[in-house]
Amino acid sequence: MGFLLDAEQRAFAGSLDAMLTAAGTPSVVRDWSRGEHSGGRALWSRLAGAGVFSLAVSEEYGGLGVRPVELAVAFVELGRHAVPGPLVETVAAATLLASLDDPGPAKRLLPALVAGESMATVGRAGSYALDGDAAAVRLSLASDGLRLAPGHGAVRPSLDPARRLTPLAPGGELLAADPPVGQSLALARLTTAAQALGVGQALLARTVAYVKQRTQFGAPIGSFQAVKHRLADAKIALEFARPLLFGAALTMTPADVAAAKVTACEAAYATARTALQLHGAIGYTAEYDLSLWLTKARALRTAWGSPRECRAVVVSGGGRRW
């Protein structure tokens, strides 16, 4: 399947790329990993100004309407630049709030999310939520329904230091007894897939640049056939994932979204392994910027559904729209 973005979508991607390139995201990521959120919040506000979070919210609550294709376009760029924060979780929380029968919580909480004035996270009661220490809106899926958690516990170390895990405090305001989670899960998986695709693209680009510079036996290692094959395999995997991602954004069926998620995340993970091998010892160094994308590729692989879970959805079918 082929998919070409139109001129407006390409311009949107280009504007985000230019903004994030100028922002110098590696330093923002490192600060975020240490719990210093000022740089990340400033970048978050600029993303909101560009309309990123408006794409997940209907016009009724100040958004542009739910636009899965444009969300995928945006999250590819966010992944390429390793932007930290509960990006997917904010989209999922916004979608969940907008789907509640009672419009009260949405009217109260969504405007600030759309404007970038606050962040959101969501998780199951008794488990961990991403960046609960930075999010003002913490949604907890408890046994009795959806609750607005009153706080969070201590930060737990994560494989990706920029993905800070926090337990949600029990109790809090009950927002809905039986919340519809289908569309929220769909957009969470779609945007995770898009983010992973962007991470894979960044890893491949950085590795191609590196193998052109590093020499062995008097020649760039990029000229070696074995190296070319590894990079070609990574490129093919990422290119195969791209039409699945945008095809899923068009159909939004459970099977299509799950297929896009597992394919993009596995492609990014395979590219990370190739990047690590071709960089050699320096690739294992936390101070080297490549590590910011390596750890993210591994973390996204199991976020919002493991490969096994997503494959089970694909195999079972699930042709209807969420």
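Reader: Where does Asp131 lie?

Author: Happy to start there. This is a predicted model, and in it Asp131 sits in the loop between β2 (128–130) and β3. Its phi is near 55°, which is a positive value in a residue other than glycine.

Reader: What makes Asp131 count as buried or exposed?

Author: The cut-off for buried is under 20% relative accessible area. Asp131 has 0% relative accessibility, so it counts as buried.

Reader: Let's turn to the strands. In which order do the 4 strands of the open sheet come?

Author: The order is β1-β3-β4-β6, and the pairing is mixed. In general, strands of a sheet pair through backbone hydrogen bonds, either parallel or antiparallel. Both senses turn up here: β1 and β3 run parallel and are joined by 5 bridges, while β4 (residues 145–148) and β6 pair in the antiparallel sense over 3 bridges.

Reader: How do you know that β4 and β6 pair?

Author: Two strands pair if there are at least two bridges between them. β4 and β6 have 3 bridges, so they pair. As an example, Arg147 has Leu174 in β6 as its bridge partner.

Reader: Why are β1 and β6 called edge strands?

Author: Each of them, β1 (120–124) and β6 (173–176), pairs on one side only. From one strand to the next, the twist averages 30°.

Reader: How many of the residues of β1 are buried?

Author: 4 of its 5 residues are buried, and β1 is described as mostly covered.

Reader: Which helices lie across β1, β3, β4 and β6?

Author: Helix α5 (residues 87–98) lies across these strands, running at about 80° to β1. Helix α6 (residues 104–114) lies across them too, running at about 95° to β6.

Reader: Which residues meet where α2 and α3 touch?

Author: On the α2 side they are Thr25, Val28 and Trp32, and on the α3 side Gly39, Gly40, Arg41 and Leu43. The residues of this contact divide into 3 nonpolar, 3 polar and 1 charged.

Reader: What makes Ser45 partly exposed?

Author: Ser45 lies in helix α3. Partly exposed is the range between the buried limit of 20% and the exposed limit of 50%. With a relative accessible area of 38%, Ser45 falls in that range, so it is called partly exposed. Ser45 and Val122 are 77 residues apart in sequence and 20 Å apart in space, C-alpha to C-alpha.

Reader: With which residues is Arg298 in contact, leaving aside its neighbours within four places in sequence?

Author: Those are Leu159 and Tyr269. Arg298 lies in helix α10 (residues 290–302). At 29% relative accessibility, Arg298 is partly exposed, because that value lies between the 20% and 50% limits. The C-alpha atoms of Arg298 and Ala272 are separated by 8.1 Å, though the two residues are 26 apart along the chain.

Reader: One last thing: how many disulfides does a search of the whole structure find?

Author: It finds 0. Take Cys265: the nearest cysteine sulfur is that of Cys310, 7.4 Å away. A disulfide needs the two sulfur atoms within 2.5 Å, so Cys265 is in no disulfide. Cys310 is in no disulfide either, with the sulfur of Cys265 as its nearest, 7.4 Å away.

Reader: What makes Cys265 and Cys310 buried or exposed?

Author: Cys265 has 1% relative accessibility and Cys310 has a relative accessible area of 0%. Both values are under 20%, so Cys265 and Cys310 count as buried.

Note on methods: Residues are numbered from 1 along each chain as its sequence is written. This is a predicted model: local features need pLDDT of at least 70, side-chain atom pairs count only at pLDDT 80 or more; totals for chains, interfaces and linings use all residues. Side-chain values use heavy atoms; hydrogens and water are left out. Buried means under 20% relative accessible area, exposed over 50%, partly exposed in between (1.4 Å probe, protein chains only). Helices (H or I, at least four residues) and strands (E, at least two) are DSSP runs, numbered from the N terminus. Axes are lines fitted to C-alpha atoms, for helices over the stretch in contact, and angles run from 0 to 180 degrees between N-to-C directions. Contact means heavy atoms within 4.5 Å. Ala, Val, Leu, Ile, Met, Phe, Trp, Tyr, Cys and Pro count as nonpolar, Asp, Glu, Lys and Arg as charged, and the others, Gly among them, as polar.
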